[in-house]
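Load the model in a viewer and keep the selection panel open. The stops below are given in the order in which to select them.

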Amino acid sequence: MLSLLYQEGPSTKGIFRRSGSAKTFKELKEKLDSGTEVDLAHESIFVTASLFKDFLRNIPGSILSSQLCDKWVSVLDQGNNEEKIKSIQRLLEELPRANVVLLRYIFGVLHGIEMRSEENQMNAFNLAVCIAPSLLWPPVSSTPDIENEFIKKISSLVQFLIENCCRIFGDEITSLFGEI
């Protein structure tokens, strides 16, 4: 999924914002959940993006770890960008290695899409609004007002992560998938 999103996402207007066919999504999700081999190359990239967000939402405790929720939310309250980046890197060290590896690929994809935002209309802010709720959620449910405030903070954090992903994850993030 990430490879397809890396290849097609940068040239797809509204990737992660638009959803594909709900029927196709449901059928493919059932196949994937049952372990059936699925060739997503012949499917709509919007269905692939929806499947990927669904996969992220089903990671127990979220990929950024709901246990670290308060720490993630407070990152942007830190001093300058350098201090924020160092805080993020420290938090990444607290995550399981598999989560960090997947995050590197995710932000490699998001960076590639953001670099062509003139074409796809998905700048870091727009991408963050679409993907942030799939990356982190609070450990306990709360009121709609508190959840909205939380989503705004996480979206700002994800925007910062996208805009600074090379400094956070390393410059090689741009070549994880090789050439498009």
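Leaving aside neighbours within four places in sequence, which residues is glutamate 119 in contact with? Select glutamate 119 and show what surrounds it: beyond those neighbours, the contacts are Pro10 and Ser11, where contact means heavy atoms within 4.5 Å. This is a predicted model, in which local features need pLDDT of at least 70 and side-chain atom pairs count only at pLDDT 80 or more, while totals for chains, interfaces and linings use all residues. Residues are numbered from 1 along each chain as its sequence is written, and side-chain values use heavy atoms, with hydrogens and water left out.

Stay on glutamate 119, which is found in helix α7 (residues 117–120). Helices here are DSSP runs of H or I, at least four residues, and strands are runs of E, at least two, numbered from the N terminus. Glutamate 119 is partly exposed, at a relative accessible area of 41%; buried means under 20%, exposed over 50% and partly exposed in between, with a 1.4 Å probe and protein chains only.

Next, select serine 50 in helix α3 (residues 45–57). Serine 50 is buried, with a relative accessible area of 14%. Not counting residues up to four places away in sequence, serine 50 touches Ser19, Gly20, Phe25 and Arg57.

Now show helix α2 (residues 22–34) together with α3: the two pack at an angle of about 50°, and their axes are 10 Å apart. The axes are lines fitted to C-alpha atoms over the stretch in contact, and angles run from 0 to 180 degrees between N-to-C directions. That angle makes α2 oblique to α3, the class left after under 35 degrees (roughly parallel), over 145 (roughly antiparallel) and 65 to 115 (roughly perpendicular). For the side chains, pick Thr24, Phe25, Leu28, Lys29 and Leu32 in α2, which meet Val47, Ser50, Leu51 and Asp54 in α3.

Finish with the cysteines. The structure holds zero disulfides, a disulfide being a pair of cysteine sulfur atoms within 2.5 Å. Cysteine 69 is in none, and the nearest cysteine sulfur, that of cysteine 130, is 20 Å away. Cysteine 69 is buried, at a relative accessible area of 5%. Move to cysteine 130: the closest cysteine sulfur to its own is in cysteine 165, 17 Å away, too far for a bond. Cysteine 130 is also buried, at 14% relative accessible area.
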